Amino acid sequence: MTVYVKGVVFEGVDFDDPNSWKIDAYIKRGGYAALKKILQEGITQDAIIAEMKASALRGRGGAGFPTGLKWSFMPRSFPGQKYLVCNTDEGEPGTFKDLDIIVNNPHALIEGMIIGGFAMGISVGYNYIHGEVFEAYQRFEAALEEARAAGFLGERILGTDFSFQLHGHHGYGAYICGEETALLESLEGKKGQPRFKPPFPASFGLYGKPTTINNTETFASVPYIIREGGQKFLELGKPNNGGTKLFSVSGHVNRPGNYEIPLGTPFSELLEMCGGMRGGKKLKAVIPGGSSAPVLPADIMMQCTMDYDSIAKAGSMLGSGAVIVMDETTCMVKALERLSYFYFEESCGQCTPCREGTGWLYRVVHRIEHGQGRAEDLDLLLSVGANIAGRTICALGDAAVMPVQGMLKHFRAEFEHHIEHKNCVAPGY
Amino acid sequence: MLEIEIDGKKLTVPGGSTVMDAAHSVGVHIPHFCYHKKLSIAANCRMCLVQVEKAPKPLPACATPVTDGMKVHTHSDMAVTAQKGVMEFLLINHPLDCPICDQGGECQLQDLAVGYGGSASRYEEEKRVVPNKNLGPLISTDMTRCIHCSRCVRFTEEIAGYQELGMPGRGEHTEVMTFIGKTVDSEISGNVIDLCPVGALTSKPFRYSARAWELSRRKSVSPHDGLGANLVVQVKDHRVKRVLPLENEAINECWIADRDRFSYEALNSEERLTKPLIKQGGVWQEADWQSALEYVVHGLKDIIANHGADSIAAVATEQATLEELYLLKQLFAGLGSQNVETRLRAADFGLKTQGATWLGQSIVDFVGSDAVLVVGSTLRKEQPLIAQRLRQAVKKGAKLAIVNSHGDDLLTTLAGELIVRPDQLVEGVLAVIKAVTEARGVAAPAHIDLAGVEVTDAARAVAAVFEGKDKTSIALGNLAQQNPRYAELHAAAAALAELVGAKLGVFAAAANSVGAQLAGATGAGNVFAQPKKAYVLLNTEVEFDTANGAEALAAVQQADMVVALGSFGSCALEHADVILPVSPFSETSGTFVNVEGKPQSFNGVVRPLGETRPAWKVFRVLGNLLGLENFGFNSSEEVRDLVLAGDVAAKLSNAAVAPVAVKAQAASGVVRLGEVPIYQLDMLTRRAPALQATADALAASQLKANAATLAKLGLAHGGNAQVKQGAGVATLAVALDAGLADDVVRVAANLPATRALGALTAAIEVTQA
């Protein structure tokens, strides 16, 4: 279920209309007006980037890096080929927003990428789509065909000198390919594993050329910003947290789904939109930003507003906006075991701390869950975690550790109970 | 230049340096596994994490570029905590089976674990077990020990040129492996054994035969190709147990070819001779040295008395030392004969140069050329490490082109490739000359006749590699030197070099090819064509070391007396009259002069086996017994100093004494492309069982031709064919080789199956078998 509240990305999309994704419908609701405005009114590259900066749009993939700033890093005068890449390798457990964008409003993404290409002087773009959502990939390809036929994409767009080629590419489902440099490796046809940085993609990206990589939702927000102005986008949210954001709400709520709401909306309001807790149970904890974000207990979460700064202040992160809601029946040891297994399974294996450490974390949590934990195990988990975090090539190591740290920070007693009594405090178990 | 501080030491380093480079430059050791100076940076082991001031977390020294004013702490609490954390992770799944691991005692993980590992493990779960892989006859695997540093993977891709190893799988399931069903077949594959920081990849022939700390390490020089790779020969109980590279950046860098590494197996072969043998009444009798040497002296004197001094001849391979060859030549000079020859695989002796032919420059300068043309060479097999260095040069922007008789993949990018029949190599070079004259509007020298030469696009592409390049080189390979029109080929290549301003070089086929010329052990030409009454063979197996084994064998078989000096008996037993067991390179002092004209002397690394004697001592005694003057040498060094007196460089020259006229000739009919397989090069490689089990060795006896030629001859890939040259016949398996010109049949020489055949580049009859 997707609920549209105050939209940017889903502005005007009719989720009940099977043709709403198509280019005609998109144009009818103001689509491609931003691109036309740029090309026909002669808006400069600098002006676009300034508008992006003014919007305070922050990367929607999870890191929250200011998009305008990232665009300004691209060496526009670089004489060779440059690339624009969209990261639709949405693999973070709990996150399912980019899939909805591609399926329901693919032209917003396409228009956003074309504008990005224009702003940074890039002529070729790729959209790397997660391998397990093939229908979405097909939808994207169909939308590309529409855009090409309408003259918005390809050679000499709208009769100007600006040309931009955009290609879809579907991966094979490895979580690590959502890491931007692993994505580039995979796009090049190699095994998807992260590159060490520096050099960063802005100087050494796809095929070694300057490359800008943004998330699907980020690109899909661009047309609105250009059309309506950065200031208006910013005002939708709050300072430093401009615009609306898609939240993928899952877990123990009555109406899980994607909710596009202004950044800064209180969590309690979001929970209400989702129809409250399922079965009237009590809220126990929330993972506010995808599986790698530290868990927050109910009392802290209920005080938070849904924006980068508020969640960070509470000790977690907004991440990709995947909100995993857990009620009082949830066993936190079991939950952590599942999360740790994911990172163990998805570690690319390239660098030592993550390859060896994620398995170690999982095995310790596993034995606690299975009544074989030892008193020293919790300190061991934190110690192993500390040896992984910040020591790896990419952030997967950190992502594996943060859930462990978060759980032990807020629910240590429950783990101790498991170790001592070999059973669970949660009533559901 | 950037100013930085490492552990309180101030230093300046060039921009672009990494923290690891900077630390090395001031002698600060940062622990590491995946980092290797010759490989790309992987930054995956994380062992080299160091503290950089103002950085919130530890950074990998190998991948962190130095910035001005950077302050690095390699042994601070933050750095050591990070390093110890990584070590713990590396050890949790490592079997710690050091007592039964061949790497034990020379293992980087073991060494660093002493400094950074805990005394007990906090990991109590089951350890990972990884299935072993079959990498072929040279490399043994214990993959459970692998720490995933990826050095071996990067080596095969970056240095050897083809990614024969990869790392499929994710997370804990990551495994180093080959392509399915394939082995590691590179001619320089053994280097992954040295690169592996743990006992995952170890030497198969050496496996379980000694512990690292039992071995003495002695310096030596490779006796195979002309590069002169520097070796560390490891010995135990007067036996050579293992051979490793000795780093020499100017020659072999830190690598050696598999031939250099594994040929030592022959030194311990059952076929080694340990006592002089004399054939009496058709039966071999063991003899003492005195009797055997007197037998030789009397025999040679008798034959000279009855048939004249020209009735005796000596041949030696270019693997013999400078000292041995000089004394052999002096011995024959003393007997009044100039019949000494080492160019046993040559077919054309018409070329006379002003000095010893050589690379024309140093190896480093050669591979530093902006453009290189190689003429007539199976480069990867003839010169494995020069091929490797050219591969690196191409990556840095050099242009490489070939004029050759086959299109074997050099595992690098070629800017030009002209493939011709082996009897048309001269015409191939002429086509390039003509392309140059047309492109530049210049004329070829008068002795180069370009009439009738057709310029193809391929020839133009080869010619174009020299365009706009300053430092250019042309080198003639073994196939060129073995060509029946070598003098013309050399003249054409020299003319091309002159036209484009390139340096001309001649690759050295063997360890002492240049030294043999300096010792004067050349000049007799083919001493088998007109059979002699007596032959002295030094380290020569006539069927396997000559261009025309059938002819050479017939010559020695009809001789009245054959004296064989060698380390092995097997071939000589059939046709010699006296066998004198002499030392291989590992048991004698001596000198090889490599392709760049650099003399490299070495000592024996083990004592001679049984009653074996160094050949230079044998020749000295023979000289004394014959009453010859100037044979009073007390050491091999005295011999060397005499031969190399003065400026060696002045004795090297690729310039012809007089211009050789070159004119294009037509060729037709089926022609043999004969070449010496990589592991048939010399007595040692032929007797190294592991090398003989490699894919290269197993494929050597195939007959190869392109599809059109196979069809024309009624042959099919996978079938059999019979080939005939003169009286020699061989039945060979047939394989497709799309890189050959039409009517070319590639049949390797010097193999047991093909030794009865005739000349390397000549007509050959092929029929279905």
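Two strands count as paired if DSSP finds at least two bridges between them. Strands (E, at least two residues) and helices (H or I, at least four) are DSSP runs, numbered from the N terminus. By these rules, strand 17 (residues 371–375) and strand 21 (residues 472–476) of chain B run parallel and are joined by five bridges. The model is predicted: local features need pLDDT of at least 70, side-chain atom pairs count only at pLDDT 80 or more, and totals for chains, interfaces and linings use all residues. Residues are numbered from 1 along each chain as its sequence is written, chains are lettered from A and ligands numbered from 1 in the order in which they are written, and side-chain values use heavy atoms, with hydrogens and water left out.

**Sheets of chain B**

Contact means heavy atoms within 4.5 Å.

Another open sheet of chain B has three strands in the order 10-11-12, with antiparallel pairing. Its edge strands are strand 10 (216–221) and strand 12 (239–245), each pairing on one side only. The twist averages 35° from one strand to the next. Six bridges join strand 10 to strand 11 (residues 230–236), and Arg217(B) stands opposite Gln234(B) of strand 11.

**Salt bridges**

A salt bridge is a side-chain nitrogen of Lys or Arg within 4 Å of a carboxyl oxygen of Asp or Glu. The whole structure holds 66 of them over all chains.

| Pair | N to O distance |
|---|---|
| Lys97(A) and Glu217(A) | 2.9 Å |
| Lys238(A) and Asp307(A) | 3.0 Å |
| Glu175(B) and Lys133(B) | 2.7 Å |

For accessibility, buried means under 20% relative accessible area, exposed over 50%, and partly exposed in between (1.4 Å probe, protein chains only). Lys97(A) in helix 5 (residues 97–104) and Glu217(A) in helix 9 (residues 216–228) of chain A are 120 residues apart. Lys97(A) is buried at 0% relative accessible area, and Glu217(A) is buried at 1%.

Lys238(A), in the loop between helix 10 (230–236) and strand 6 (244–251) of chain A, and Asp307(A), in the loop between strand 11 (305–306) and helix 13 (308–313) of chain A, are 69 residues apart. Lys238(A) is partly exposed at 28%, whereas Asp307(A) is buried at 0%.

In chain B, Glu175(B) lies in the loop between strand 7 (165–166) and strand 8 (177–178), and Lys133(B) in the loop between helix 3 (108–116) and strand 6, so their pair ties together parts 42 residues apart in sequence. Both Glu175(B) and Lys133(B) are buried. A network of salt bridges links Glu271(B), Arg345(B), Glu541(B), Asp545(B), Arg686(B) and Arg687(B).

**Backbone geometry**

Most residues other than glycine have a negative phi, and most peptide bonds are trans. His148(B) has a positive phi near 60° and is not a glycine. His148(B) lies in the loop between strand 6 (139–141) and helix 4 (151–159) of chain B and is buried, at 4% relative accessible area. Asn750(B), also not a glycine, has a positive phi of about 65°. Asn750(B) sits in the loop between strand 33 (744–746) and strand 34 (765–768) of chain B and is buried at 3%.

In chain A, the peptide bond from Lys197(A) to Pro198(A) is cis, with omega near 0°. A cis peptide bond also joins Pro198(A) and Pro199(A), with omega about 0°. Pro198(A) is found in the loop between helix 8 (180–187) and strand 5 (211–215) of chain A.

**A partly exposed lysine**

Lys84(B) lies in helix 2 (residues 77–92) of chain B and is partly exposed at 42% relative accessibility. Leaving aside neighbours within four places in sequence, Lys84(B) is in contact with Gly115(B) and Tyr116(B).

How values were computed. Axes are lines fitted to C-alpha atoms, for helices over the stretch in contact, and angles run from 0 to 180 degrees between N-to-C directions.
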